[in-house]
Amino acid sequence: MKDGYHNTGEHSLAIGEAQIRAISTVLNDALSGEQYSHSYESQPDVRYAWVVKFSDNTIESDLDTEDVVSLPNSDKRQIISLDASSKRGFPKIEVKLRGGGAPHWSASASGSDAMIARFKGPIEEIMADTKPWWSVFARIDFALYVFGSVLLAAIMRVVYIGVYRGDSLFDPDPAQAQATMTALKSFGLSLFMACLIASAVVDSIFRKHLFPKFSVLVGSGLKRAKHQRTRRRVVGGLLLALGLPALTTWAISKNPIGVKGAVSEASLEESVVRLRS
């Protein structure tokens with residue numbers, strides 16, 4: 001009986017040599033025992049092949065596992081997608097790992113129930129293993145938060161000046177209010193453009209250097225991953241260093257140490273007086 005299987009997932013992907021080899025093993029095992037339709041050709045030992053696309057839009061096809069894990073994956077020619085599929089003559093099986101704006105994976109198979117059973121469970125386990133712990137951070141639209149925060153701060157500042165100094169839109173003089181409105185429009189447009197450019201730059205740095213959406217950890221990809229891990233630790237340390245004083249101040253305000261110390265000293269003096277008497 002023929003049946004089909006298809007599954008997909010959208011999340012950040014971190015694909016290492018172990019995952020690449022595991023996918024190859026699953027494909028080969030799933031296709032083992034399946035009928036080879038090209039009877040006029042001898043059945044190949046390797047039943048699948050890889051296709052790799054790079055950031056310079058070049059493609060290398062018909063690669064085996066050793067070819068893929070030994071790719072340079074340099075900074076100027078990074079791997080942006082990996083596809084593994086069954087060779088001609090075997091039932092159709094495909095695994096796709098794609099980068100770009102919305103990284104995702106997909107797996108599909110068309111063949112016997114036994115073949116799909118050998119493929120489905122193992123490939124889903126591997127795909128779950130490709131999801132890095134920082135996936136939730138990589139999905140955050142960081143640029144939107146930066147832009148929104150800066151714009152909100154600017155609006156709050158304008159309102160504060162208007163209320164405190166009384167020379168903005170809150171001024172009852174229509175001429176003064178109109179002049180303030182014109183100035184605010186120019187200021188708002190300039191702020192919008194500046195924040196948009198700054199947010200795009202910050203977002204690019206955020207994605208590339210801290211929480212990449214798609215990374216292949218072979219060749220130079222291992223070095224990039226090591227540098228990203230170091231940067232995350234540095235940023236985490238800075239946030240912790242900035243956050244601890246504020247947390248300590250808050251804790252002291254909730255439970256003043258000085259008062260407790262004063263009470264303890266007073267109690268001690270009272271005990272000493274009682275002992276002397």
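Modeller: Let's start with Arg 21, which is partly exposed, at 30% relative accessible area. That label has cut-offs: under 20% relative accessible area is buried, over 50% is exposed, and partly exposed is in between, using a 1.4 Å probe and protein chains only. Before going on, keep in mind that this is a predicted model, where local features need pLDDT of at least 70 and side-chain atom pairs count only at pLDDT 80 or more, while totals for chains, interfaces and linings use all residues. Residues are numbered from 1 along each chain as its sequence is written, and side-chain values use heavy atoms, with hydrogens and water left out.

So who does Arg 21 pair up with? Its partner is Glu 66, in a salt bridge whose closest N and O atoms are 2.6 Å apart. A salt bridge here means a side-chain nitrogen of Lys or Arg within 4 Å of a carboxyl oxygen of Asp or Glu. Arg 21 sits in helix α1 (residues 17-31) and Glu 66 in helix α2 (residues 65-69), so this pair ties together parts that are 45 residues apart in sequence. Helices are DSSP runs (H or I, at least four residues), strands are runs of E with at least two, and the numbering goes from the N terminus. Glu 66 is partly exposed too, at 44%.

Now look at Asp 56 and Arg 77, whose closest N and O atoms are 3.2 Å apart in another salt bridge. Asp 56 is in the loop between β3 (48-54) and β4 (59-63), and Arg 77 is in the loop between α2 and β5, so to speak linking distant parts of the chain, 21 residues apart. Both ends are partly exposed: Asp 56 has 35% relative accessibility, and Arg 77 has a relative accessible area of 25%.

Last stop: Asp 75 and Arg 224, whose side chains meet in a salt bridge at 2.7 Å, N to O. Asp 75 lies in the loop between α2 and β5 and Arg 224 in helix α7, so the parts tied together are 149 residues apart in sequence.
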